[in-house]
Amino acid sequence: MTGPQSVDNALTPTNDRDWIIEEGGYDPLREASRGARFAISNGFLGVRGARALHRGGRWVDTSRTLVAGLFDTPDDERAIPGLVATPDWLQVRISLQGEPLVHRPGDGESQRRILDMRRGTLITEDRLSNASDVGVRLRSLHIVSLDQRTIGLQLLQLEIEQEEVEVTLKASLEGLDIGLVSERVEPGLAVWHTISTARRLAIAVGLTLQIDGQDIPATRTGPFHWSWSWKSQRGQVGSLQRLVAITRGDTEDADPGRQALDALCVVRKPGWPGVMAAHERAWIARWDGSDVEVEGDPAAQQALRFALYHLNGAANPADESVSIAARALTGDDYRGHVFWDTEIYLLPFYILTWPEAARALLMYRFRTLDGAREKALGMGWRGALYAWESADTGAETSPSKVIGPDRKVVNVRCGKQEQHISADVAYAVWQYWQGTGDEIFLRDAGAEILLETARFWSSRAQVDTDGHCHIRGVIGPDEYHESINDSAFTNVMARWNILRALDVVGLLRERWPQTWERLSGRLGLDDGELKQWRSVADTIVTGFDPSTGLFEQFAGFFALEYIDLGDYLGRSVPMDVVLGRDRTQKSQVVKQADVVALLALLPDEFPDDSGAKNFDYYAERCGHGSSLSRAIHGIVAGRLGRTELALDYFKGTSAIDLEDSQASIDGGVHIAGLGGIWLMAVFGFAGLSLHSDHLALDPRLPSGWKTLAFSVQWRSRKLKIRLVQAT
Ligand code: BGC
């Protein structure tokens, strides 16, 4: 039996401020952004960082749980697949003397929410009272286990302040009417299925209430309700301990109910202390492999830890059927869809600190290759065109219309035109290969991705009368400009994609000739086609002008209206709202790093000092209308030795999720921006780069950073790197 003392320990956050994010008070208007910031996640389950107690309906943020891969297309009005809401397994309601406890906005000081990042744990501490001011001290803890990803744990401790108080505590699993169809409900187990995708979700629950260390039987129970009533003494300590197992079944014959019961049975033996201990060990291992330490800049240290906390909680090396959504599992903006964010902003972190997770993420792209082939074919091309927004099957899931920041309906063309995604996926495959040397992955999965994406580009680019290949009608990373021709980012990445595919052909022929025979036979690839690829790579226009050293972002960009963004400093809305869509499209205002992104990804494509020239030219024109933008500028500024400027970009990116400085974070943290924070530290300030036979460092630390230390893995070797500021 577990006494109150050990619950007490679990509920005590680490006292090292560098590992803590903390906010006090209760403000209904800020609940949603806190729900995102304080979310806990393990790559399979993501739980919003809500308060300990529930009252009323869902009008303020609840402890909603997202399950990776649980996509559905529930009805015609929501024809696009999205992650579905799942039952809230954390519901608790308490009443004292028959009156419920209330969270009052004015109670500020007595309510604290603490993210203990070292332990991957959300802790809350409240002093609450009912309308008659009978009070209770409440502490709670939520985790989703990093050791066993199906398991969630809630601990709630309550200490009654007055003598002889009638206490009722109700714990329930809310949300039987949440857009899932109930299939089976029995004591402690429920199974649902999605409406149109026939996926299943099961939750098995076991809970105990202890008073002063003794188990107390529930006064009333229903299949998913437990209620305890007792007369409490002053200072008496009650603790609720709830363990859940949540499983997803993707096929008809899967039995997630059985799996959930089995998983719960396994963890009930060691009980919650065993679950907690295994979870903490798993977090320690992740921190050991990924922590970044900065001496001399506590704010940067906190930003890095916060980023790493969410990055380590976003991936699941054991599930190759899912990838990381634009808001990870911390909120449902973008409906859980996956973008280039994963390959460009997140994969480098996983490749270099957690290759197993990186591999699973790339296997998701391998498993969705058919969807990408169908998209290419449907648009009249060959090979694989990945979905700009991808869910479970790899089919395109971008909406065709959305409500813009100015509340007007806007057509979205990204699903058809933002095609650089195919090269971005290929880029990540190659980076993984460079970083890990994982031959089996390259041979059995990566090579096919590289070949099919190269084939797409080779069919997509058209030879013109000028003898050059062109790619017309696309959107580059800068989404303010649509239907453009010869996007420098797209064309150069496409060329690079084709060249790496030709490299892989050479590699397969040399090392694995039988694999090459089989694969080229299956794909119908012959020497004639490979020759055509080479010719596309040789003749594709890039927009680079050797006389100025500038890439033209796309054909005609230089002729657009120049707008001095200095005139709009301090604006609170993005530039496309300030100028209107029409004028923005006719201007040189760039939404986010575009040519600068190319410079970050392929610096060797920029000869001599053209990197600096392009950076200066485009940074001045960038409105940073996306949370992804500053991070890329930060990497490049860091590499160029503009260290203090890079630090500004670092701070700007950190503020997005920690200070709600840019877009709303209600719908989840901006995981790409968080990946960008790691990238700025490691690729920017430390100047780390990956090469075919070595890693290189070219450090330039901001003046306030005394040291920068981090861990990376390169080709199975674990390295701890510590850089010290020159004095
Ligand atoms: C950005 C894209 C990004 C998407 C999801 C958009 O606002 O422009 O580059 O992939 O958000 O984060």
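**Close-up views of a ligand site and a helix pair**

View 1. In the side chain of K591, an N or O atom sits 2.9 Å from an oxygen atom of the ligand. Keep in mind as you look around that this is a predicted model. The side chain of E479 also places an N or O atom 2.9 Å from a ligand oxygen. For W340, the distance between a side-chain N or O atom and an oxygen of the ligand is 2.9 Å. How much of the ligand's accessible area does the protein cover? On its own the ligand has 310 Å² of accessible area, and the protein covers 92% of it.

**View 2. The shell around the ligand.** Here you can find the residues that surround the ligand: A326, Y334, F339, W340, D341, W388, E479, K591, Q592, S626 and L628. Sorted by class, this shell holds six nonpolar, two polar and three charged residues.

**View 3. Helix α6 beside helix α10.** Helix α6 spans residues 340-353 and helix α10 spans residues 420-436; their axes come within 9 Å and cross at roughly 5 degrees. Because of that angle, α6 is roughly parallel to α10. On the α6 side, W340, E343, I344, L347 and I351 make the contact. Their partners on α10 include H420, I421, D424, V425 and Y427. Taken by class, the residues of this contact are nine nonpolar, four polar and two charged.

Key:
Residues numbered from 1 in each chain as written. Predicted model: local features only at pLDDT ≥ 70, side-chain atom pairs only at ≥ 80, totals over all residues. Heavy atoms only, no water. Near = heavy atom within 4 Å. Polar contact = N/O pair within 3.5 Å; in protein donor to acceptor, adjacent residues only side chain to side chain. Areas by Shrake-Rupley, 256 points an atom, 1.4 Å probe, with all protein chains shown as cover. Nonpolar A, V, L, I, M, F, W, Y, C, P; charged D, E, K, R; others polar. Axes fitted to C-alpha atoms, helices over the stretch in contact; angles between N-to-C directions. Helix = DSSP H or I, 4+ residues; strand = E, 2+ residues; numbered from the N terminus. Parallel < 35°, antiparallel > 145°, perpendicular 65-115°, else oblique. Contact = heavy atoms within 4.5 Å.
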